[in-house]
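Please read them with the sequence and the structure open.

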Amino acid sequence: MDSIGSLLGNTPTPLPEVGIIKNYVLKKYGQKVGVISHKNHFTIICPSAALAGTLRMELLRIQKEFESDASLSVRIGQI
């Protein structure tokens with residue numbers, strides 16, 4: 001049986017794009033967001049509808065920021 005320490009030690013490292021997206025939103029809007037990464041897709045989770053609407057208009061700019069072909073989507077939810 002595995003110990004708790006060995007189970008918690010096997011957490012995957014986040015992709016650099018996740019940090020870039022979070023820092024972009026934090027610097028520009030002063031809000032924390034969550035980012036879920038999939039194979040070739042990132043979902044930005046916003047705490048408010050106003051921020052989500054604003055970010056939807058900036059998806060192309062955010063994509064150019066981290067220079068990736070991965071698609072982006074925005075949803076409203078808890079971080």
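Is E58 buried or exposed?

1. E58 is buried, at a relative accessible area of 9%. Here buried stands for under 20% relative accessible area, exposed for over 50%, and partly exposed for the range in between (1.4 Å probe, protein chains only). The residue sits in the loop between α3 and α4. Helices (H or I, at least four residues) and strands (E, at least two) are DSSP runs, numbered from the N terminus.

2. On sources: this is a predicted model, in which local features need pLDDT of at least 70 and side-chain atom pairs count only at pLDDT 80 or more, while totals for chains, interfaces and linings use all residues. Residues are numbered from 1 along each chain as its sequence is written, and side-chain values use heavy atoms, with hydrogens and water left out.

3. Overall fold. The protein has four helices and three strands, and their order along the sequence is α-α-β-β-α-α-β. Its radius of gyration is 15 Å, well over the 12 Å that the globule rule gives for 79 residues, so the protein is more spread out than a compact globule. That radius is taken over C-alpha atoms, and the rule is 2.2 Å times the number of residues to the power 0.38. Along the principal axes, the C-alpha atoms fill a box of roughly 50 × 25 × 20 Å.

4. Burial and surface. Of the 79 residues in the protein, 29% are buried. The accessible surface comes to about 5,600 Å², and carbon and sulfur atoms account for 55% of that. Accessible areas come from the Shrake-Rupley method with a 1.4 Å probe; for residues, only the protein chains shown count as cover.

5. Contacts along the chain. Among contacts between residues at least 6 apart in sequence, 53% join residues at least 24 apart. Contact means heavy atoms within 4.5 Å.

6. Charge. The protein carries 9 positive and 6 negative side chains, and the centres of the two sets are 9 Å apart. Lys and Arg count as positive and Asp and Glu as negative, with His and the chain ends not counted. Each charge is placed at NZ of Lys, CZ of Arg, CG of Asp or CD of Glu.

7. Salt bridges. Side chains of opposite charge can pair when their charged atoms come close. How many salt bridges does a search of the whole structure find? It finds two, a salt bridge being a side-chain nitrogen of Lys or Arg within 4 Å of a carboxyl oxygen of Asp or Glu. E58 and K28 form a salt bridge at 3.6 Å, N to O. This pair links distant parts of the chain, 30 residues apart: E58 is in the loop between α3 (49-57) and α4 (59-65), and K28 is in helix α2 (residues 16-29). E58 also forms a salt bridge with R61, with the closest N and O atoms 3.7 Å apart.

8. K28 is partly exposed at 42% relative accessibility, and R61 is partly exposed at 48%. Not counting residues up to four places away in sequence, E58 touches Y24, K28 and Y29.

9. A52. This residue lies in helix α3 and is buried, at 0% relative accessibility. Residues up to four places away in sequence aside, A52 touches C46, V74 and I76. A52 and S73 are 21 residues apart in sequence, with their C-alpha atoms 9.6 Å apart.

10. V18. Helix α2 holds V18, which is buried at a relative accessible area of 9%. Apart from neighbours within four places in sequence, V18 is in contact with V35, S37 and F42. V18 and T43 are 25 residues apart in sequence and 9.6 Å apart in space, C-alpha to C-alpha.

11. Two exposed loop residues. K32, in the loop between α2 and β1 (34-37), is exposed at 63% relative accessibility. Leaving aside neighbours within four places in sequence, K32 is in contact with L26, P47 and I79. E67, in the loop between α4 and β3 (71-76), is exposed with a relative accessible area of 73%. E67 has a positive phi of about 45° although it is not a glycine. The C-alpha atoms of K32 and E67 are separated by 21 Å, and the two residues are 35 apart along the chain.
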